[in-house]
Amino acid sequence: MITASQLSVWFVILALAVATYLIRFSFLGLLDAEKMPRWLERHLKFVGVAVMPGIAAPAVFWPDATGGDPDPARLLAALAALLVGIWRRSVLASVAAGLVTLYAGLFLLG
Amino acid sequence: MPDKNFSSRQAFWLGFRDALPFLLIVVPFGLLFGVVGKEAGLSLLQVMAFSGLVVAGASQFTAVALLTDHAPLLIVVLTAVAVNLRMAMYSAALVPHFGRAPLGLRAVLAYFLIDQTFAMGVNKFAADPGMSLGQKMAYFSGAFWFMMPLWIIATYAGSVFGAAIPPEYALDFAVPICFIALSAPAMRSFPYFVAGVVSIAGTLALAFIPFKLGLMIAAVLAMIAGAQTESWMKRRAQ
């Protein structure tokens, strides 16, 4: 239960909101598209695949729900989402494969 | 897209439609945040302010968890902000696409910048290099306006009607599946695949670094690996 005062909670919400917005605006607001060096652009193409698999990885290998122990259903679901996503090049197919495998795995493997 | 002359209105609805799969992600995640916020003792208005003003689920959960643990306020804010640092990279990666828009529009597009709109946008813009600035902005906005109302409604429903959701429902796993689904389609191309593998290996190896900053270091290494692989393949092809 949160015991911080109402004012403190509002401070956290507003500070987080403002800081997050400024992070989102940062380069988009300040960087001149004409002056962006070519080498930087060649690297920034990879931002999505450089960040997102890394966000998923700890939750896949060490899920909080099992206290950090690897869980076969979650590992299989992640693998299914990855392989189907690469194969079909489709977000929908990937999400569907991941969720179906997850619930089938949890049901069958307990 | 077969027709290069499609209107911005069509691009908006295309983005809206392409965001449909995230119904399966945004709704459980929003419900979960509503429930967790309520259980932690936040008022309905506070829960809604989190989802409407911060619009970044993972950092919202972090802030609520730290507030529940009675962490000092500055630590709460800094830790939750650190979770969102990845968005600076998204922001930079969108400059080649949106950098020529007027400042006011860029300020609005920054509010629309979430993981899903970013990944959908750059995937679409890479697949369809002929898209105009207007079409790109409309597509990006369409994706946002599909997800934002769902996120708000799900948060509200979770906070008002939700009781604790049993862990057997494994709602926690909607989020990793979302990030895999967002990045997998691009990984069909080998340099992107290499970047993805480096991202996974790097984040796991650097998990000991506090504030999840290992993720950022791994991301930089992954971008270098991807760009190097790409130029190596180009040289070999010549």
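In this predicted model, the largest nonpolar core comprises 117 residues, of which Ala81(A), Ile177(B), Ala195(B) and Ala222(B) touch the most other members. The element that gives the most to this core is helix 9 of chain B (residues 133–161), with 10 residues.

Helix 10 spans residues 174–183 and is mostly covered, with 10 of its 10 residues buried.

Helix 11 of chain B has 16 residues and reaches 22 Å from its first C-alpha to its last, close to the 22 Å expected at 1.5 Å a residue. Its buried residues include Tyr192(B), Val194(B), Ala195(B), Val198(B) and Ile200(B). Helix 3 of chain A contributes to covering them, as do helix 10 and helix 12 (213–237) of chain B. When residues up to four places away in sequence are not counted, Ala195(B) touches Phe46(A), Val49(A) and Ala50(A) in chain A, and Ala222(B), Met223(B), Ala225(B) and Gly226(B) in chain B.

The contact between the chains takes 66 residues from chain A and 81 residues from chain B. On the side of chain A that touches chain B, the largest share, 18 residues, comes from helix 1 of chain A. By class, this side has 47 nonpolar, 12 polar and seven charged residues.

How values were computed: Residues numbered from 1 in each chain as written. Chains lettered and ligands numbered in written order. Predicted model: local features only at pLDDT ≥ 70, side-chain atom pairs only at ≥ 80, totals over all residues. Buried ≥ 20, exposed ≤ 12 C-beta atoms within 10 Å, placed from the backbone. Helix = DSSP H or I, 4+ residues; strand = E, 2+ residues; numbered from the N terminus. Core = buried A, V, L, I, M, F, W, Y, C linked by C-beta atoms within 7 Å. Contact = placed C-beta atoms within 7 Å. Expected span 1.5 Å × (residues − 1). Nonpolar A, V, L, I, M, F, W, Y, C, P; charged D, E, K, R; others polar.
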